[in-house]
Amino acid sequence: ELFRGVSILVSVLVTWLLFTWMIARLPRESVRFATSVRAGLMAALGFEVFKQVGSIYLQTVVRSPAGAAFGPVLGLMVFAFVTWSLVLFATAWAATSAPE
């Protein structure tokens with residue numbers, strides 16, 4: 001149980017750093033670093049929740065033959081879409097936030 005908590009914490013930290021870098025450095029228009037840190041944290045937490053839900057989905061869907069055949073493909077498509085939407089939303093939020 002402790003290992004699971006530590007692994008989730010490390011995963012959120014690494015994902016936070018990755019999303020913060022993506023939001024701060026990849027867009028054409030510059031985004032303030034403090035804003036990208038907040039947007040990166042929001043994206044990292046949302047991504048971790050989605051990963052946990054996705055793992056539960058895969059555990060339940062592969063129990064049937066049809067689910068074993070088509071479940072992982074559908075899960076991958078949903079994973080790509082939700083990840084893209086999350087990054088787009090976080091980047092748009094950081095780009096349109098009012099300067100402090």
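**Entry 1: the pocket**

I'm working on a predicted model here, and I looked up its largest pocket, which has a volume of about 200 Å³.

Which residues lie nearest the centre of that pocket? I found Phe50, Gly54, Tyr57, Gly75 and Phe79 there, out of 13 residues that line it. Next I checked which helices the lining comes from. Both α2 and α3 (65-96) give at least two residues each. Helix α2 has the largest share of the lining, with 7 residues. I also sorted the lining by class and got 9 nonpolar, 3 polar and 1 charged residues.

**Entry 2: α2 against α3**

The axes of α2 and α3 come within 10 Å and cross at roughly 170°. Angles over 145 degrees count as roughly antiparallel, so that is what I call α2 and α3. Their contact, split by class, has 19 nonpolar, 6 polar and 1 charged residues.

**Entry 3: α1 against α2**

Now for the helix at residues 2-25, which is α1. I looked up its packing on α2, which runs over residues 33-61. The axes are 7 Å apart, and the angle is about 135°. By class, I get 14 nonpolar, 6 polar and 3 charged residues in the contact of α1 with α2.

**Entry 4: α1 against α3**

One pair was left on my list. The axes of α1 and α3 cross at roughly 55° and come within 10 Å. That angle makes α1 and α3 oblique to each other. I checked the handedness of this crossing as well, and α1 with α3 is right-handed.

**Entry 5: salt bridges**

How many salt bridges does a search of the whole structure find? I got 1. Its partners are Lys51 and Glu48, whose side chains meet at 3.2 Å, N to O. Where do Lys51 and Glu48 lie? I traced both to helix α2, where they are 3 residues apart, about one turn of the helix.

**Entry 6: recap on α2**

My notes keep coming back to α2.

Key
Residues are numbered from 1 along each chain as its sequence is written. This is a predicted model: local features need pLDDT of at least 70, side-chain atom pairs count only at pLDDT 80 or more; totals for chains, interfaces and linings use all residues. Side-chain values use heavy atoms; hydrogens and water are left out. Axes are lines fitted to C-alpha atoms, for helices over the stretch in contact, and angles run from 0 to 180 degrees between N-to-C directions. Helices (H or I, at least four residues) and strands (E, at least two) are DSSP runs, numbered from the N terminus. Ala, Val, Leu, Ile, Met, Phe, Trp, Tyr, Cys and Pro count as nonpolar, Asp, Glu, Lys and Arg as charged, and the others, Gly among them, as polar. On a 1 Å grid over the protein atoms alone, a cavity is a set of points where a 1.4 Å probe fits but cannot get out, and a pocket is an open set with protein on both sides within 12 Å along at least five of seven lines; lining residues have an atom within 4 Å of a point. Grid points are joined across faces, edges and corners, and a volume is the space filled by probe spheres set on the points. A salt bridge is a side-chain nitrogen of Lys or Arg within 4 Å of a carboxyl oxygen of Asp or Glu. Angles under 35 degrees count as roughly parallel, over 145 as roughly antiparallel, 65 to 115 as roughly perpendicular and the rest as oblique. A crossing is left-handed if the near helix is turned anticlockwise from the far one by less than a right angle, and right-handed if clockwise.
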